[in-house]
Amino acid sequence: MHMEKGDAHYRIDNLDKSILRALMDNARTPYAELAKRFQVSPGTIHVRVEKMKQAGIIEGTRVQVSGKKLGYDVCCFIGIILKSARDYPRALAQLEALEEVVEAYYTTGHYNIFIKVMTRSIDELQQVLIHRLQPIEEIQSTETLISLQQPIDRDVTP
């Protein structure tokens with residue numbers, strides 16, 4: 001696997017993959033513990049992690065928040081058809097301003113844009129659709145799919 005970010009070139013090996021898997025399981029795992037587990041020095045772990053950060057393979061660490069625990073009980077996906085492909089930048093800017101939109105994708109196929117929306121209730125979703133999405137002039141039409149459950153949620157395997 002060959003990754004690049006800017007001028008940084010770095011080819012990951014099995015040790016890097018093992019480090020990535022361990023950090024994906026628990027990003028707080030001490031380097032000393034990883035070093036012991038993989039039979040290398042803590043310095044080796046540090047160097048490998050830094051190189052993967054520089055190459056853009058590791059994009060940082062973040063706190064993962066549970067939407068459900070914060071009261072966001074409704075997850076849906078909305079396929080958006082734009083009036084014209086050239087409307088994409090303006091439509092995207094307006095979608096980005098909506099805090100309920102947590103992901104957006106520029107896609108091929110039937111929809112120009114596919115978004116993930118999180119709301120606290122169906123009523124709140126209805127308000128977002130009527131008062132926040134429909135007024136966006138660049139949008140020709142939408143289709144809303146409500147998620148009933150998320151049986152799979154994982155990152156790619158290194």
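Visitor: What makes H1 oblique to H2?
Guide: The axes of H1 and helix H2 (residues 31-38) cross at roughly 130° and come within 11 Å. That makes H1 oblique to H2: angles under 35 degrees count as roughly parallel, over 145 as roughly antiparallel, 65 to 115 as roughly perpendicular and the rest as oblique. Axes are lines fitted to C-alpha atoms, over the stretch in contact for helices, and angles run from 0 to 180 degrees between N-to-C directions.

Visitor: What kind of model is this?
Guide: This is a predicted model; local features need pLDDT of at least 70, side-chain atom pairs count only at pLDDT 80 or more, and totals for chains, interfaces and linings use all residues. Residues are numbered from 1 along each chain as its sequence is written, and side-chain values use heavy atoms, with hydrogens and water left out.

Visitor: Is the crossing of H1 and H2 left-handed or right-handed, and which residues make the contact?
Guide: The crossing is right-handed. H1 brings Leu-15, Ser-18, Ile-19, Ala-22 and Leu-23; H2 brings Leu-34, Arg-37 and Phe-38. Contact means heavy atoms within 4.5 Å.

Visitor: Why are H1 and H3 called roughly perpendicular?
Guide: Helix H1 (residues 14-25) and helix H3 (residues 42-54) pack at about 85°, with axes 11 Å apart. The angle lies in the perpendicular range, so the two helices are roughly perpendicular.

Visitor: Which residues of H1 and H3 meet?
Guide: Leu-15, Asp-16, Ile-19, Leu-20 and Leu-23 in H1 meet Thr-44, Ile-45, Arg-48, Val-49 and Met-52 in H3. That contact divides into seven nonpolar, one polar and two charged residues.

Visitor: What is the strand order in the open sheet, and how are the strands paired?
Guide: Four strands run in the order S4-S5-S3-S6, with antiparallel pairing. Two strands pair if DSSP finds at least two bridges between them. Seven bridges join strand S3 (residues 74-82) to S6, seven join S3 to S5, and five join S4 to S5.

Visitor: Why do S4 and S6 count as edges?
Guide: Strand S4 (101-106) and strand S6 (139-146) each have a single partner strand, so one side of each is left without a neighbour in the sheet.

Visitor: Which residue of S5 faces both Gly-79 and Tyr-105?
Guide: Phe-114. Gly-79 stands opposite Phe-114, and Phe-114 is also the bridge partner of Tyr-105.

Visitor: What makes S5 mostly covered?
Guide: Six of its seven residues are buried; buried means under 20% relative accessible area, exposed over 50%, partly exposed in between (1.4 Å probe, protein chains only). Helix H4 (residues 88-96) lies across S3, S4 and strand S5 (113-119), at about 10° to S5.

Technical notes. Nonpolar A, V, L, I, M, F, W, Y, C, P; charged D, E, K, R; others polar. Left-handed = near helix turned anticlockwise from the far one by under 90°.
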